[in-house]
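Look at the structure first, then read on.

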Amino acid sequence: MDILTILFNGLSLSSILLLAALGLAITFGLMGIINMAHGEFIMVGAYTTYVVQGILMPALGDGYFFCSILLSFLAAAAFGMLLEVTVIRRLYGRPTDSLLATWGVSLVLQQLARSIFGAPNVNVVAPSFLGGSLTLLGVSMSYKRLFIIGLVLLCLLAVWAFLYHTNFGRKTRACIQNRDMAQCLGIRSKRIDCLTFALGSGLAGIAGCALTLLGSIGPTLGQNYIVDTFMVVVLGGVGKLIGSISGALIIGIASTVFEVGSTASIAKAAVLFLVILFLQKKPQGLFALRSRSLD
Amino acid sequence: MLEIKGLRSYYGESEILHGIDLAVPDGKIVALVGRNGVGKTTTLKSVMGLVKAPEGDVFLDGVSLRRMPPYERARQGIGYVPQGRDIFPQMTVAENLRLGLEVCGGRKQDAEELYELFPIVKKFLARKGGDLSGGQQQQLAIARALIARPKLLLLDEPTEGIQPSVIQEIGDAIRTINQKTGISILLVEQYLDFALELADDCYVMDKGRVVFHGATGSSGKEEIQQYMLAS
Amino acid sequence: MSQQKASEALLSLKHISVEFDGFKAVNDVTTSIAPHEIHFFIGPNGAGKTTLLDVICGKTKPAGGEAYYAGVGNILKLKEFEIVKKGICRKFQVPSTFINLSVYDNMRIAINRDKSVFGSLMMRKRYLDTKKIYEVLHLVGLDKKSKERAKALSHGEKQWLEIAMLLVEEPKLLLLDEPVAGMGQPETEKTARILEEIKDRCSVAVVEHDMNFVKSIADEVTVMHEGAILTEGSAEDVMKNEKVQEVYLGRGEKKHA
Amino acid sequence: MDIKYWLQDKKNLVFLALVAVLLAMPFVLSLFRLTLLGKFICYAIVALGIDLIWGYTGILSLGHGVFFGLGAYAMAMYLKLEACGSALPEFMVTGGLTSLPAFWKPFASFPLAMLAVAGLPLLLALIVGFATFKNRIKGVYFSILSQALAWAFVTIFIGMQAYTGGSNGITGFTTLLGIQLQNPMNLVSFYYFAVAMLVLVYIFCTWLMSRGIGKILIAIRDGENRTYFTGYDSSKYKTFIYCISAVITGVAGAIYVLFAGMISPKELDIAFSVEMVIWVAVGGRGTLIGAVIGALLVNAMKTGISETMPDMWLYFIGMLFVLVVLFMPKGLTGVFVKLYERGKERFPAVRLPFGRRRSASMRGKGAIS
Amino acid sequence: GCGENSAMSGGSSSASGDTVKVGLLHSLSGTMAISETSVRDAEKLAIQEINDQGGVLGKKIEIVEEDGASDPQIFAEKAKKLLMNDKVATIFGCWTSASRKAVKPVVEGANGLLWYPTQYEGMEQSKNIMYMGAAPNQQIVPAIEYLLKNGRKKMFLVGSDYVFPQTANRIIKAQLKAAGGEVVGEEYTPMGYTDYATIISKIKAANPDVIVNTLNGDSNVAFFKQLKDAGVTAETCPVMSFSIAEEEIKGIGAQNIAGDLVSWDYYQTTKTPANEKFVAAYKKAYGDDRVTDDPIEAAYDAVYLWKAAVEKAGSFDVDKVRAAAGGTSFDAPEGTVKIDGDNQHLYKYVRIGKVNANGLIDEISATDPIKPDPFLKSYPWAEGLSAGSN
Ligand SMILES: Nc1ncnc2c1ncn2[C@@H]1O[C@H](COP(=O)(O)OP(=O)(O)OP(=O)(O)O)[C@@H](O)[C@H]1O
Ligand SMILES: Nc1ncnc2c1ncn2[C@@H]1O[C@H](COP(=O)(O)OP(=O)(O)OP(=O)(O)O)[C@@H](O)[C@H]1O
Ligand SMILES: NC(N)=O
Ligand SMILES: [Mg+2]
Ligand SMILES: [Mg+2]
């Protein structure tokens with residue numbers, strides 16, 4: 001296999017990982033919530049796409065997919081908001097507790113999907129303009145993968161602009177860093193937290209929508225992404241977007257390279273061990289947040 | 001301006017303030033002093049709504065703050081400089097300042113005046129708040145509270161950890177601001193001389209109660225000092 | 001400083017520099033702390049005083065320089081806890097205690113002599129230790145709160161607890177970062193008394209902005225400015241220094257009465 | 001340890017009462033239920049191990065299933081070889097092996113297998129703990145890392161089918177040192193053995209936490225950086241307690257195999273590892289007794305609900321976790337302590353000293369520092 | 001009061017009163033619920049039908065259902081519970097080999113009976129299990145023969161890192177070696193794996209005549225979607241799958257798999273009178289959008305075969321039912337199936353199928369019932385693959 005193919009495959013895998021992890025980079029990386037239900041939010045996005053397809057495809061044809069990106073975002077965001085208001089809100093600053101509670105939530109959401117859509121997988125028909133692939137320099141690049149790379153760049157840009165170049169983003173970061181003080185500056189921290197969490201969840205929804213292009217849509221869909229997405233965020237360094245980007249790139253490309261030389265199982269285990277080893281050198285991830293304070 | 005009436009505050013089950021009465025008249029600087037652990041910080045936090053205070057009430061310009069969450073209170077025009085500064089450590093100095101403007105909707109406002117008062121803040125605009133030295137953070141915290149031009153400023157030990165020359169500057173700054181803008185100030189201080197020199201009025205606290213209230217004239221000063229030593 | 005003094009110093013710092021992303025927080029600092037002296041570090045906010053203490057106690061690794069500790073040698077390569085075991089204890093600018101343990105347990109953890117895992121497996125309540133803990137707690141006025149969780153102490157009380165924890169450890173060199181910040185007049189005086197008292201047993205390096213406090217007990221004062229040493233000497237001497245007055249004390253230093 | 005002192009702690013008395021109930025169970029329960037309870041007791045032992053590192057030290061491991069699995073696999077390998085006699089285990093044959101792999105050979109010996117039950121978890125914990133804690137990997141980083149570790153181990157165990165039985169795991173045991181595993185009387189003996197181990201481990205844990213080290217672990221949980229400056233090498237403490245916890249978990253895994261009659265990589269998995277933590281959370285972290293009660297209760301409920309509502313039980317269990325975290329942050333033990341203290345206030349006459357010694361840890365919020 | 005009672009046998013006390021208890025043991029949660037819930041539904045349908053017709057030996061069947069939760073250890077525990085606590089007459093359950101291997105010692109210990117509905121890798125035989133799915137010689141071997149016959153000699157093997165695929169591929173390799181085929185690649189991916197870019201690149205580089213796919217569950221969806229986009233078509237290089245039936249095709253999307261090959265004993269389109277009735281009944285019970293497939297049908301058959309065996313034995317007693325089971329036949333949707341008394345597997349039809357654009361499968365080649373040979377004893381090339389019955 002030539003190097004360009006490996007590179008493209010790695011890049012493609014990275015983009016998928018990043019898309020799946022982007023929401024987590026916000027809810028976990030910035031807000032400190034270990035959201036074990038993140039995978040289930042991805043699932044919500046995927047099922048939303050399925051439902052939207054059923055309703056809109058007859059009318060809009062392939063165009064339904066663009067609606068479903070938006071609606072997946074909104075649906076997952078709505079779930080996120082609901083979760084924030086009922087559960088997460090009480091758990092800020094208690095990361096382990098957030099982990100346990102969201103684990104419970106993930107069980108409930110999985111079962112909910114089973115109750116509503118049945119246990120078997122459902123199918124989403126990808127828009128026809130994304131079928132097939134482009135061959136460039138001898139590398140066959142499927143349009144779906146190119147589309148996902150584009151989508152993740154777009155999401156990144158939006159999130160980055162939002163967090164670092166809007167008032168809301170600044171308020172978000174303030175709340176995350178010191179909730180009480182933010183309130184004392186007139187910031188409605190509860191609302192901000194809620195919206196931020198909804199944003200992170202919504203991004204998971206977009207990931208779910210995009211993943212219908214490549215993978216299955218079923219109640220356990222989210223479980224496949226839990227370890228990978230957390231690794232991406234942790235490897236990059238919690239709290240840094242640039243960290244998550246490089247985390248995804250490293251894991252994606254390393255997985256692909258290993259897989260070329262060995263098997264998928266070995267590659268998977270090897271990458272995990274590699275990340276674990278790497279963290280020994282850089283315990284706070286690639287892009288650590290430095291801080292002078294004790295603890 | 002600010003009126004505290006019969007305020008009782010709790011941390012969990014334990015009552016810390018046993019009925020505080022205190023008033024900050026319009027445009028005046030009022031000092032609140034007392035030994036360690038008597039509840040000064042708790043009083044300020046109660047005004048901001050950060051601790052449980054089921055009994056008593058706080059009025060700002062006659063409006064009861066009782067049912068308001070902290071951010072509402074801030075929007076009523078209270079600026080707060082907490083003990084320990086509470087700078088946002090991962091944000092730049094500039095961003096910390098911008099956040100000070102949230103109270104009035106995040107509109108940009110001229111900060112030149114503040115830069116004059118605290119040149120250090122301007123010098124380090126691009127540095128992360130958490131990397132500043134203790135004293136630098138303190139100055140940033142005051143600047144952050146002032147930037148939105150509040151009606152009432154709550155200062156919790158603003159001289160803690162500040163170099164002597166800057167203490168004087170802070171003192172001057174407080175006085176200047178007070179005179180120029182008519183802002184009212186409630187100042188908690190351990191550094192008695194500093195407090196008494198600035199304040200028009202002084203309250204002494206002990207064990208969750210106000211034990212003395214008087215003006216800071218030369219006669220008052222001695223009396224206050226006595227209370228401080230005796231309590 | 002004289003060559004002779006350096007040789008008998010408890011700790012001598014040589015050409016210490018610290019950089020943060022190209023910013024020199026401490027720049028080629030050379031000084032020493034003699035046995036049984038109270039050595040103050042003063043200087044403007046951001047001068048690098050806290051950073052210097054960070055270097056001594058192992059929290060920050062310097063870009064260059066050496067720190068010789070009597071009988072041990074260069075300590076900059078050691079880990080924090082190893083440095084503590086050599087008898088250098090540190091109080092932080094923001095009080096830091098074990099908030100979920102009682103005041104008493106905080107003290108017990110500090111007083112424990114054998115700090116290895118095996119040692120603390122065997123750690124027992126010893127009558128003498130308990131007695132000493134209460135003595136020290138009494139000294140700082142926290143004996144009545146010995147059963148309180150450290151979380152429930154006020155800012156000033158936490159400062160005291162931290163100091164008390166250092167005292168029971170019987171260090172050879174005590175590093176104090178703004179010990180009287182947030183303390184009232186009487187407490188400040190009490191701190192001064194305590195420091196004078198323990199001076200017989202150890203050296204103390206103090207960072208402080210309260211000039212009265214400095215004047216009352218300083219044996220030696222080092223003034224730092226922008227990462228470097230501006231001047232050194234007795235409290236009287238340095239306060240007379242014009243440059244010090246300009247960058248640090250300001251016009252009406254005397255008001256600080 | 002002073003027995004009088006030990007008995008003064010109400011929690012220990014509760015434990016003794018619980019043990020009395022457990023001892024009576026063989027006379028009450030059917031054989032099937034007794035085996036089930038035997039499994040739960042193994043879980044309770046695991047929970048004690050989790051409580052040591054999470055409840056007291058604040059290290060959240062999401063990969064303890066690996067230690068459980070290592071202990072269990074060590075036992076299972078021994079049992080399998082005993083069951084197969086001189087023949088090759090069938091999964092090796094289907095996997096294409098013609099002779100027993102070298103690393104299996106020691107497991108033919110009972111003493112060596114038992115050594116491995118404790119030794120393998122210990123070795124792994126030592127390596128992982130030493131490296132990660134020394135490098136100051138902590139908090140969520142450690143949790144995620146341990147989760148990845150579990151994932152990697154599961155992948156390897158499944159992938160090496162010819163050597164580990166793959167996703168089938170190892171099944172089909174007959175005897176242990178010639179004792180029939182399925183024989184009812186023997187199962188009752190195993191049950192009593194499990195209870196004895198629970199008591200032993202519990203006493204060991206209370207002893208450990210009553211020493212100075214208990215306080216120091218809490219100090220590490222609440223302010224690890226400060227412990228360096230008080231002269232403690234916290235990484236050694238963390239490695240130590242992590243190893244202890246791993247060994248306890250491994251031993252529990254080995255006993256568990258006797259009741260389950262099999263082991264599969266599912267028991268190394270993240271889901272199972274998270275469940276372990278949840279048992280402790282439900283019972284109340286940092287109390288030991290809470291861990292035991294939590295493990296027994298959660299599993300009893302899980303079994304009960306899934307038997308009555310096989311389609312719906314996930315809703316109940318899922319909601320249980322959420323509700324416990326939200327409304328009982330200190331778990332059941334916290335609720336009981338509160339009720340007890342309320343009662344004490346109301347009826348001051350019946351004042352009893354409620355183990356003040358450990359109260360600090362009980363109140364701990366137990367965040368991963 | 002029921003007639004015959006032998007205190008030691010697992011089944012007898014279940015048949016007290018007017019009902020007889022049977023256990024249904026499938027994963028209703030976890031990853032395997034995707035496949036197993038439908039199988040469970042088929043069993044319920046059969047039971048419902050039997051009860052409507054008056055039950056078995058005059059007794060209505062009472063269902064005790066348990067969730068195996070996709071965890072072998074839970075399967076073992078629940079099987080124990082069904083046998084020892086509920087004293088069910090028999091168990092219909094499991095899907096994965098892992099769950100079957102876990103339940104096997106339990107049914108053997110308590111002398112219960114498990115009716116296992118799935119095709120599997122063979123190399124096993126237990127007197128306490130009735131194997132309703134295809135043995136390797138009823139699915140894998142004929143499929144490979146079919147491929148070779150059609151000139152597809154270069155094969156690329158893709159499977160999940162799991163027992164069935166690994167064993168199946170060992171069989172295939174042995175078979176190819178004997179028959180002159182060639183394996184040009186062999187890849188395994190962990191369960192739940194979703195990114196097949198690299199493997200597809202490897203496949204393209206190896207340029208096989210056919211891909212032999214033994215992936216399990218979710219991975220199939222990802223594999224086919226991505227394969228299609230990479231331009232590997234059924235015309236140039238078809239995929240022959242062993243774990244994909246109509247139900248899975250719904251999740252994959254017919255457009256992604258149309259034209260590819262499968263090998264089963266039964267399809268929804270199989271033309272028998274019994275199947276017409278079965279498909280109609282299944283859709284009536286569970287909705288028109290549901291499909292039937294091989295494991296669903298096998299599970300359905302299992303209940304009826306059990307009924308036939310019980311009636312032949314005149315008893316629910318496991319030993320008697322087993323003794324009577326040999327030779328018992330049923331007019332199943334796939335045609336008449338018969339229990340082989342020697343190894344308790346079924347005589348089954350083998351049908352090679354091609355996925356059509358509607359997501360159903362068209363039969364393109366079929367055989368008469370083949371005798372089950374789980375250990376492939378009748379194939380000389382398979383010597384050394386099995387370890388005897390264990
Ligand atoms: N989070 C808390 N939980 C419980 N008790 C607390 C808490 N914070 C403070 N206290 C208690 O409340 C009392 C008053 O504390 P407060 O911080 O208001 O004192 P202060 O007057 O500001 O003292 P200082 O000058 O030392 O800052 C103290 O005795 C302290 O023990
Ligand atoms: N981690 C860091 N990253 C960047 N700059 C830092 C960092 N730590 C310290 N600094 C800078 O180094 C300088 C020295 O800081 P230091 O805390 O040592 O001052 P200080 O003398 O203790 O001041 P103060 O009296 O206000 O406490 C300051 O300008 C500070 O902003
Ligand atoms: N036995 C199977 N198909 O897993
Ligand atoms: Mg205070
Ligand atoms: Mg400092």
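Predicted model: local features only at pLDDT ≥ 70, side-chain atom pairs only at ≥ 80, totals over all residues.

A polar contact is a pair of N or O atoms within 3.5 Å.

Gln190(B) places a polar side-chain atom 2.9 Å from an oxygen atom of ligand 1. For Gln83(B), a polar side-chain atom lies 3.1 Å from an oxygen atom of the ligand. Chain C takes part through Glu157(C): an N or O atom in its side chain is 3.4 Å from an oxygen atom of ligand 1. On its own, ligand 1 has 630 Å² of accessible area, and the protein covers 85% of that.

## The shell around ligand 1

Which chains supply the site? Residues from chains B and C surround ligand 1, so the two chains share the site.

The shell counts 21 residues, and Gly37(B), Thr41(B), Thr42(B), Ala152(C) and Gly156(C) come nearest. By class, the shell divides into 10 polar, 6 charged and 5 nonpolar residues. Two helices each supply at least two shell residues: α1 (40–48) of chain B and α7 (155–168) of chain C.

How many cavities of 30 Å³ or more does the structure hold? There are 12.

The second largest cavity has about 170 Å³ of space. Its lining is made of 16 residues. Trp95(E), Thr118(E), Gln119(E), Asn216(E) and Ser243(E) lie nearest the centre of this cavity. The lining divides into 8 polar, 7 nonpolar and 1 charged.

Conventions:
Residues numbered from 1 in each chain as written. Chains lettered and ligands numbered in written order. Heavy atoms only, no water. 1 Å grid on protein atoms, 1.4 Å probe; cavity = no way out; pocket = protein on both sides within 12 Å on 5 of 7 lines; lining within 4 Å. Points joined across faces, edges and corners; volume = space filled by probe spheres on them. Nonpolar A, V, L, I, M, F, W, Y, C, P; charged D, E, K, R; others polar. Near = heavy atom within 4 Å. Polar contact = N/O pair within 3.5 Å; in protein donor to acceptor, adjacent residues only side chain to side chain. Areas by Shrake-Rupley, 256 points an atom, 1.4 Å probe, with all protein chains shown as cover. Helix = DSSP H or I, 4+ residues; strand = E, 2+ residues; numbered from the N terminus.
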